[in-house]
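Biologist: Could you take me closely through one part of this predicted model, and then connect it with whatever else you can describe with care?

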Amino acid sequence: METTKTALVLGATGGVGGSVAAALARHGWRVRGMARNVTSLRSQGQIEWVQGDAMQRTDVMRAAEGVAVIVHAVNPPNYMNWNKLVLPMIDNTIAAAKAVGARVVLPGTVYNYDPAKTPIVDADTPQNPKSRKGAIRVALEQRLEEAAPEVPSLILRAGDFFGPAARSSWFAQAMVAPGKPVRRIVNPARGGGHSWAYLPDLAETFARLLDRPERLRPFERVQFEGLYDTGMRMVDAIRRVCGRKVPVYGFPWWAMRLLAPFASFPREAAEIAPVWQHPMRFDNTRLVEIIGPEPRTPLDEAMRATLIEMGCLDEVALPTLRQASA
């Protein structure tokens, strides 16, 4: 294996990091993952596991030895302590990348923008966040921009995730209950709709971008369009795959606002509610310039794989998509 095609994935035990790691391995990369406890991980997949903590610079520096890419897919768990963890972790990653001559790769978020004033997002869209998370993410990206060209970086921004392994997503934690048949759908979106990213397609896009380093700018910010749902496309896909008209309920945003002073999750959820009230579409023009057409798994196929992995469908007993839509 070429040493120039070695990637360190921080957050490889998470949905995004793990999916990107798997995609890179399929594309011929040697993949190294760092985790605080690797005892139970060493026999899993094609990842070379090393022990370490993204908050400890010496750990990141040691794990990054000999790599060409550092995928920074690590985030504070449960939406907590962003103000204490996010920026120190990216500082450690930048320092390690500088030391070994690697490119930093970052999954971008929607929090950098004011949803009410940003119907379309491209590389040059002004970042005017309205939340604490958004301000921190803007500062994170500014650190990467300031580090270039000495430390090149790639930011790939996408909407909310769904798909196998996307267990910390709003789809898996709010729309559909994991581990049991789909009896109801909770739709958090209000107004004009929402943007979604099927995680395997997004991970494949990361790999294709990194296969073309000669086309990447020292600081590259691109957008993954994914599924721009302006109505009920996600809900209808769930119903088709399940083979029945599952009832749909709205997400109780009013309860999040009411409980925000008393509990952490409602407080964090209430802060990002505008993202679900004002749809944002991601302009993938620059992405297409680099890799060609965006990977796009047919929606029903993607939804079927998602629900099976979540334990919501019996793969054997499931009706065919043709029967479900009849």
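Modeller: W254 lies in helix 8, which runs over residues 253-259 (helices, H or I of at least four residues, and strands, E of at least two, are DSSP runs numbered from the N terminus). With a relative accessible area of 56%, W254 is exposed (exposed means over 50%, buried under 20% and partly exposed in between, with a 1.4 Å probe and protein chains only). Together with L258, L259 and F262, W254 makes a nonpolar surface patch of about 510 Å² (Shrake-Rupley areas, 1.4 Å probe; nonpolar side chains, Val, Leu, Ile, Met, Phe, Trp or Tyr, with over 30% relative accessible area and no salt bridge, are joined within 5 Å). This is a predicted model, in which local features need pLDDT of at least 70 and side-chain atom pairs pLDDT 80 or more, while totals for chains, interfaces and linings use all residues. Residues are numbered from 1 along each chain as its sequence is written, and side-chain values use heavy atoms, leaving out hydrogens and water.

Turning to charged pairs, the structure holds 21 salt bridges (a Lys or Arg side-chain nitrogen within 4 Å of an Asp or Glu carboxyl oxygen). One of them joins E141 to R221, whose closest N and O atoms are 3.1 Å apart. This pair links distant parts of the chain, since E141 sits in helix 4 and R221 in strand 11 (residues 219-223), 80 residues apart. Both E141 and R221 are buried.

Another salt bridge brings together the side chains of R281 and E225, at 3.6 Å from N to O. R281 belongs to strand 14 (residues 281-282) and E225 to the loop between strand 11 and strand 12 (227-229), so this pair ties together parts that are 56 residues apart in sequence. R281 counts as partly exposed because its relative accessibility is 25%, whereas E225, at 19%, counts as buried.

The side chains of R286 and E289 also meet in a salt bridge, with 3.1 Å from N to O. These two residues are three places apart in helix 11 (residues 285-291) and therefore separated by about one helical turn. R286 counts as buried at 18% relative accessibility, while E289 is partly exposed at 48%. R286 and E289 are also linked with R217 and E220 in a network of salt bridges.

Helix 3 (residues 82-100) has 19 residues and reaches 27 Å from its first C-alpha to its last, close to the 27 Å expected at 1.5 Å a residue (1.5 Å times one less than the number of residues). Its buried residues are W82, V86, L87, M89, I90, N92, T93, I94, A95, A96 and A97. What covers these buried residues includes strand 1 (6-10), helix 2 (57-63), strand 4 (69-72), strand 5 (103-108) and helix 4. Just after helix 3, G101 takes a positive phi of about 75 degrees.

T125 is buried, with a relative accessible area of 13%. Leaving aside neighbours within four places in sequence, T125 is in contact with Y113, T118 and I120 (contact means heavy atoms within 4.5 Å).

Technical notes: Patches are made of residues with over 30% relative accessible area and no salt bridge: like charges are joined within 9 Å, nonpolar side chains (Val, Leu, Ile, Met, Phe, Trp, Tyr) within 5 Å.
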